[in-house]
Number of protein chains: 2
Amino acid sequence: MRFVIAAGTTLTANIDGISGIGTNRDLIAHVPGGDVEIVEYGRIVRTPIVPIDPDLGPTPAVVTRAVCNLVDCETTIVDAGMMKPTGAPVVDAEVSMGEDIRNRNPVPSADDAFEFGKEFGRSLSEEVLYVGESIPGGTTTALGVLTALGVDATVSSSLPENPLNLKQEVVEEGLEASGLSPGDAAGNPILAVQSVGDPVLATIAGIVIGATEADIPVVLAGGTQMVAAAALVRHADVWDPLTIATTNHIADDESANIEAAAADLEVDLRVTSPTFPEHDHFVLEQLEEGAPKEGVGMGGALHLAEQNGVELADVADEVLGIHREILDQHPEFTYNF
Amino acid sequence: MRFVIAAGTTLTANIDGISGIGTNRDLIAHVPGGDVEIVEYGRIVRTPIVPIDPDLGPTPAVVTRAVCNLVDCETTIVDAGMMKPTGAPVVDAEVSMGEDIRNRNPVPSADDAFEFGKEFGRSLSEEVLYVGESIPGGTTTALGVLTALGVDATVSSSLPENPLNLKQEVVEEGLEASGLSPGDAAGNPILAVQSVGDPVLATIAGIVIGATEADIPVVLAGGTQMVAAAALVRHADVWDPLTIATTNHIADDESANIEAAAADLEVDLRVTSPTFPEHDHFVLEQLEEGAPKEGVGMGGALHLAEQNGVELADVADEVLGIHREILDQHPEFTYNF
């Protein structure tokens, strides 16, 4: 059993109002590195920021780490175009970060990312493979891919209010810059990613296809970004069974309507809920209320816990322990978003 | 608890007769990548060779993987100058591979490797840290470092017959090329590595110093290369307690005399033995007979097993399972050395 997190960068995240993380470009650039350090070490190791904020909540990476601590699950980080170095060990997909999708051809390495992913996926031998992501701005590039493929779906947000109009404007501008209309990339997943996507989506789609060839069942761990990854797989004409496991915060988000999209793509949708038994802790409340809603594999990690009979009370204890250790060691970073 | 393997390349390994792996340069270059894939996945993933040979025995990586499977121990691979890509996730020390030490200044990134190691070691939080290596030709560069520092010690070999004369000739030539006499680098570990060492030794010495600063007890998992790493630490004037855990095949190697060297360096030496209860298996016999003697943390892994009350019978079962899976999946590679 292995949990892969594909981490990367799209400069689309730097557009004002797009990323839930805010507008500080340096912070945005470091979030994936911090997230994957937490998944690997349960703490920040080399990254100069901590992706935890009193308003936006903890990074969902703490939940994924917590479950991987409780279940016998190995983790592997794939560097699918990270802008900043991380202290976590990574398998390097050797692709460059994604540019702002309002430019022409923002992801020239889409093809390489797919090919890396396929080779990596094929090489694995797991009873089941979970795949999550960390890429700020990723729901906008996911919307780009879905629109380019002609899939009728929208996307969610890590923000309480989903800036969907802004995302749609950015995607429209992106399609125009690449000379595409909605649906023009149907059946051509590489064109979709190249034009309005990001390298993480291409890498994940490749991993799914490769793992499927190796007869490994895959659970896409996340929300609407995983719908976009699944759409890329389907538009590569791969129709093997596929599961998406995400949180209730995404499933209940009417602006996203993930259930219909999953059904259209013949994807089995599993909804999990970070609802913890009796407690009086702010961090757990934030997770229960959807701050953050999803990310870094959280929904899939909760599904993994469920599949292995791990109680949410134990997940809660582990989450709090990890959270406490991170803040104890970096009190200066607590309020840095 | 974490087991770090620092993997890298020195072109010194390409000198005829130096490396136990033989003289095929392409194979030598790929061995570290294959070793660390086995540590991380228990199988070969991306590397085009399998470091297992009917005469030379299995890579000791299978033993380290076996123990890490049986004990709750996380593994981290550090890329300390690998020549070829690996499918294992790595923390990149961002140093270049080592050149042939018969050239002047073969390891210009010695300083960067030390600094990376220190930063990485300081950032960890472990009850205990094990550190091993994978670098073909590494005993020759270890001899280079020991000689440059003026430490009275020789080195072992992965070969049944240790080509010590050849190693000494290479080291002499290396010292001359860098304008040094034996002992000239005493108190200057960076000079020793730059002139006649390799980037893995500098990285490991840095990790030890950083981890020591963070109050993490360190076990150097290996033989005479770990004596050289310990010597670098001592010549950086760090005298905290330090343990080397290696196999009886190294401890009993009279050409190396590791006990005296460890005592001189004030290092606690722990000797383990890959001696498995009643069995009738060629691979286990090879390990018992010292083919290979040490490497990829094997001696330290056996110490880790002992510390955690894991029986050698269970290690043997796990080793055979891993070995079988590797050969089942790559029957074409069985005889490729």
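**From a proline loop to the chain interface**

Pro292(A) sits in the loop between α11 (282–289) and α12 (298–307) of chain A. The model is predicted. The peptide bond leading from Ala291(A) into Pro292(A) is cis, with omega near 0 degrees. Chain B has such a bond too: Ala291(B) and Pro292(B) are joined by a cis peptide bond, with omega about 0 degrees. Pro292(B) lies in the loop between α11 (282–289) and α12 (298–307) of chain B.

Another backbone feature belongs to Asn257(A). This residue is not a glycine, yet its phi is positive, about 50 degrees. Asn257(A) is placed in the loop between α9 (248–251) and α10 (258–264) of chain A. Most residues other than glycine have a negative phi, and most peptide bonds are trans.

Now turn to the interface. Here 26 residues of chain B are in contact with 26 residues of chain A. The size of an interface is often given as the accessible area lost when the parts come together. Between chain B and chain A, about 1800 Å² is buried, and carbon and sulfur atoms give 42% of that area.

Two salt bridges are counted between chain B and chain A. In a salt bridge across the two chains, the side chain of Glu74(B) meets that of Arg65(A), at 3.2 Å from N to O. On the side of chain B that touches chain A, the elements giving two or more residues are α1 (25–41), β4 (74–79), β5 (90–92), α3 (110–123) and α13 (312–329) of chain B. The largest share, four residues, comes from α3(B). By class, this side of chain B divides into 11 nonpolar, five polar and 10 charged residues.

Salt bridges also occur elsewhere. Over all chains, a search of the whole structure finds 20 of them. One joins the side chains of Arg2(A) and Glu74(A), at 3.4 Å from N to O. This pair links distant parts of the chain: Arg2(A) is in strand β1 (residues 2–7) of chain A and Glu74(A) in strand β4 of chain A, 72 residues apart.

Next comes the empty space. Rolling a probe the size of a water molecule over the atoms shows where empty space is left. The largest pocket has a volume of about 1400 Å³. Its lining holds 47 residues, and the closest to the pocket centre are Asp72(A), Cys73(A), Asp72(B), Cys73(B) and Glu74(B). Both chains contribute elements with two or more lining residues: α1 (25–41), α2 (61–70), β4 (74–79) and α13 (312–329) of chain A, together with α1, α2 (61–70), β4 and α13 of chain B. The lining divides into 17 nonpolar, 10 polar and 20 charged residues. Glu74(B), among the residues closest to the centre of this pocket, is also the salt-bridge partner of Arg65(A).

Cavities are the last stop. The structure holds four of 30 Å³ or more. By class, the lining of the second largest cavity has four nonpolar, two polar and two charged residues.

Note on methods. Residues are numbered from 1 along each chain as its sequence is written. Chains are lettered from A and ligands numbered from 1 in the order in which they are written. This is a predicted model: local features need pLDDT of at least 70, side-chain atom pairs count only at pLDDT 80 or more; totals for chains, interfaces and linings use all residues. Side-chain values use heavy atoms; hydrogens and water are left out. Contact means heavy atoms within 4.5 Å. Buried area is the accessible area (1.4 Å probe) that two parts lose on being put together, summed over both. A salt bridge is a side-chain nitrogen of Lys or Arg within 4 Å of a carboxyl oxygen of Asp or Glu. Ala, Val, Leu, Ile, Met, Phe, Trp, Tyr, Cys and Pro count as nonpolar, Asp, Glu, Lys and Arg as charged, and the others, Gly among them, as polar. On a 1 Å grid over the protein atoms alone, a cavity is a set of points where a 1.4 Å probe fits but cannot get out, and a pocket is an open set with protein on both sides within 12 Å along at least five of seven lines; lining residues have an atom within 4 Å of a point. Grid points are joined across faces, edges and corners, and a volume is the space filled by probe spheres set on the points.
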